[in-house]
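Hello,

Here is the structure we talked about handing over. Please look through it first, then read the notes below.

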Amino acid sequence: MSALSPVPDRSLAARFSDRTGTVLRFVLVTAMTFLGLLAITFFIGRIVPIDPVVAIVGDRASQEVYDATFRQLGLDKPLITQFYLYVRDVLTGNFGMSLSTGRPVVEDLARFFPATFEMATFGIIIGVVLGVPMGVIAAANAGTWIDQVIRVLGLLGYSVPAFWMGLVGLAVFYAGLGWVAGPGRIDIFYDGITPVVTGMLTVDALLDGDVDIFLNALSHLILPSAILGFFSLAYIARMTRSFMLDQLSQEYVITARVKGVSERAVIWKHAFYPIRVQLITVIGLSYAVLLEGSVMIEIVFSWPGIGNYLTTALLSADMNAVLGATILIGTVFIVINRTSDMLYRVLDPRSR
Amino acid sequence: MSAPLLQMRNLRVTFPGPRGPVQVVKGVSFDLGRERLGIVGESGSGKSMTGRSILRLLKPPAKVETDLLRFDGMDLDQLSEKQMRAVRGARISMVMQDPKFSLNPVMTIGTQIAEALRVHEKLPRREIEARVITMLEQVRIDDPRRVVKLYPHEVSGGMGQRVMIAMMLIPQPDILIADEPTSALDVSVQAQVLDLIEAMIAKNGMGLILISHDLELVARYCDRVLVMHRGRVVEELAAGRLHEARHPYTKGLLAAVPQMDERRAILPVLDRAAEYET
Ligand SMILES: Nc1ncnc2c1ncn2[C@@H]1O[C@H](COP(=O)(O)OP(=O)(O)OP(=O)(O)O)[C@@H](O)[C@H]1O
Ligand SMILES: [Mg+2]
């Protein structure tokens, strides 16, 4: 049989083009990406010049204790077995103990990540709600002063350092005007009252039905989220503008005008509709960056988030915590990436 | 005789260029009744700009000036943007070159056709749907109930252009501008689409402006032909009297058309050296 025979290829392609094939491939790619992430963190854990045994037993422990711990950690086994054990540990939520907090890393992550998640989610909502219309308006008025004003605002978002923005924000809106609360997630006399459900204070306060705590948490949250939102806004608005310019120069926009469609509908219905799919990718990416935890903002606002946690862990050579946080952040990236990929397929009729 | 449906006098279209403004349409005038007018000319001669100026579709930095642009007693150049929108589609409509680009890729065909009707008339949903189906039948699309649910990329070029025609004719306009409606299509369906346009125009008693670079084709489907060259109308002819053409540019165009009953080694090329002046 000829090696060039197209028949087996086509049947394979046909098998993969149907729905189950798509789903299967999707799951496979996701799993492989995740495994890749674990391979990287495992590798990093091997090459850093930190002895995991010494990190646990200290450098004055006896040789017997050292050896026992060495075996207990499985470090005497072949590398591939170690990797297998590592994957199993991660999948069962066992990231080891954190040296600096003395708690299991998983517990720490469950405590710190919701704070970042809350701030990032608020931030991205602000970024999208303002950034997308700004980009659309800039494109619809390309070349005019409106476009210029929006461009300058966006440039600020790119060039002003986060910590500076945080400090100025605090000075103006907290110390000066008193419109928002200061650093931290909640005022001291409200602290620890709300039962933890999601770990996000605003949500938990609402679930608890405590409006006062909700408002207080919100007034702590609003400034750092707005600053984060401002940074993603700059990127989102710039990308929206360029996507829109591209669409507005298309023939079908002229078709819509020929039909007598109002300019507003031409812009929002005809030109904006097709770019939703591209925007999903941009927004997903911005969201992922915010979820990584902005260290600067978290430090300025004393926000007990993942960026703060990761930085502390790094400075104290707390490898379990570093790798655990890295896996978490990596997973967030994968989830967002795969989700936007899936939405893309669902929303774009051409890729169905 | 009553005033023609559309009167255009001295249309000028100017673009800013690196070395000062460039006039790409330099004083085009014509009248149009419920008849078929062809505009021919080579690429860049200003045909599309002329067509689009009627609907006031050109945006800054393009500058459009007319001494008169009157349609059915309205001075189009004086209308507000809102009044102009009521003319677009409903009274004067336009079919463009390539359905691949001129249909919205992420809206179903049915939605797009319905929209053309909906922006001008408040009608119950059912009636709109029924009229869309009827319209698709009129442009000879089989199984319209299936087609309304399709996206533009799921239909062929010829079918896409028929969808476009359906969309542009559904609000029953008085004038249709067809800007190279078949040059992006497969040769095998070109005649079908043109025959369809011809039939629809005749049936509704509309006026047609057919823009093309193909003199023969325009002569076949139109009553009258304007020949454009470098932003000017250099000649106006009755379609049956092309051989009476006086202008050297038109003669050149005619000479370049191959004849069935002759053998020529090389088709003559338009004489670029000649500066034609009107
Ligand atoms: N945005 C623009 N800026 C500057 N010049 C332009 C612009 N758009 C069109 N032109 C010029 O206007 C002239 C007329 O263009 P038009 O599209 O009317 O030509 P046409 O006769 O329709 O040609 P074709 O057969 O290629 O469609 C061309 O020379 C073109 O280069
Ligand atoms: Mg053209």
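In chain A, 15 residues of domain 1 are in contact with 12 residues of domain 2, where contact means heavy atoms within 4.5 Å. The model is predicted, so local features need pLDDT of at least 70 and side-chain atom pairs count only at pLDDT 80 or more, while totals for chains, interfaces and linings use all residues. Residues are numbered from 1 along each chain as its sequence is written, chains are lettered from A and ligands numbered from 1 in the order in which they are written, and side-chain values use heavy atoms, with hydrogens and water left out.

**The two domains of chain A**

Domain 1 of chain A covers 13-91 and domain 2 covers 109-351; such bounds come from an automatic or database domain assignment. Their C-alpha centres lie 32 Å apart. Between them, domain 1 and domain 2 of chain A bury about 1100 Å², and carbon and sulfur atoms give 84% of that. Buried area is the accessible area (1.4 Å probe) that two parts lose on being put together, summed over both.

On the side of domain 1 of chain A that touches domain 2, the elements giving two or more residues are α2 (19-47) and α5 (79-91). Helices (H or I, at least four residues) and strands (E, at least two) are DSSP runs, numbered from the N terminus. The most comes from α2(A), with 11 residues. By class, this side of domain 1 of chain A has 10 nonpolar, 5 polar and no charged residues. Ala, Val, Leu, Ile, Met, Phe, Trp, Tyr, Cys and Pro count as nonpolar, Asp, Glu, Lys and Arg as charged, and the others, Gly among them, as polar.

The count of salt bridges between the two domains of chain A is 0. A salt bridge is a side-chain nitrogen of Lys or Arg within 4 Å of a carboxyl oxygen of Asp or Glu.

**Chain B against chain A**

Here 28 residues of chain B meet 19 residues of chain A. The two chains bury about 2200 Å² between them, 63% of it on carbon and sulfur atoms. In chain B, the residues that lose the most area to chain A are B:R85, B:V106 and B:E115, together 25% of what that side buries.

How many salt bridges does the rule find across the interface of chain B and chain A? There are 4. In a salt bridge between B:R52 and A:E251, the closest N and O atoms are 3.6 Å apart.

Regards
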